[in-house]
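Let's take a walk through a protein model together. Keep the picture open while you read, and find each residue as we get to it.

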Amino acid sequence: MEPDQSINVLNGPLALCGTDPVTGFFRDGMCNTCAEDHGSHTVCAVMTAEFLAYSKYVGNDLSTPRPEFGFDGLNPGDTWCLCAGRFLQAADEGCGPKVSLEATHIRALDVVPLQTLKDHALQRPSKD
């Protein structure tokens with residue numbers, strides 16, 4: 001599998017999404033993707049209790065540990081490379097989590113409109 005270029009939705013270098021737990025299709029902490037990533041694990045999101053409950057309700061349980069896969073389950077505050085379609089579904093339902101635009105792969109735009117991502121963007125600290 002050959003990863004696509006590591007470019008974010010702002011056309012800059014893709015930033016790290018998370019390493020505790022390690023996320024990403026390639027388990028490299030980044031939302032890198034490739035042709036084999038059919039789920040488009042490209043949206044770097046910060047988990048919330050509301051989103052994790054919603055995700056479990058719609059059949060994509062991210063909070064329950066799955067030791068057989070080395071997965072401890074996600075908690076509020078964890079960052080995770082979400083499937084773009086799952087993010088869009090949650091956003092449409094009003095419970096989309098915040099996202100890091102710098103760590104969201106440009107291929108997310110194949111599924112999610114940029115404005116939707118911007119509407120859920122983490123606020124950057126102001127430079128006083």
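What you're looking at is a predicted model, where local features need pLDDT of at least 70, side-chain atom pairs count only at pLDDT 80 or more, and totals for chains, interfaces and linings use all residues. Residues are numbered from 1 along each chain as its sequence is written, and side-chain values use heavy atoms, with hydrogens and water left out.

Now for the charged residues. Side chains of opposite charge can pair when their charged atoms come close. The pairing to look for here is the salt bridge, meaning a side-chain nitrogen of Lys or Arg within 4 Å of a carboxyl oxygen of Asp or Glu. How many salt bridges does the structure hold? The count is 3.

Start with Asp4 and Arg107, whose side chains meet in a salt bridge at 2.5 Å, N to O. This pair ties together distant parts of the chain, 103 residues apart: Asp4 sits in the segment before E1, while Arg107 is in the loop between strand E3 (98-99) and helix H3 (114-119). Those labels come from DSSP runs, numbered from the N terminus, with helices (H or I) having at least four residues and strands (E) at least two. Asp4 is partly exposed because its relative accessibility is 25%, and Arg107 is partly exposed too, at 31%.

Arg107 also meets the side chain of Asp110 in a salt bridge, at 2.7 Å from N to O. With shared partners, the salt bridges join Asp4, Arg107 and Asp110 into one network. Asp110 has a relative accessibility of 56%, so Asp110 counts as exposed.

Then there's the salt bridge between Glu68 and Arg66, with the closest N and O atoms 2.7 Å apart. Glu68 is exposed at 53%, whereas Arg66 is partly exposed at 38%.

Leaving out residues up to four places away in sequence, Cys34 touches Met1, Glu2, Pro3, Asp4, Phe25 and Phe26, where a contact means heavy atoms within 4.5 Å.

Technical notes:
Buried < 20%, exposed > 50% of the residue type's maximum accessible area, 1.4 Å probe, protein only.
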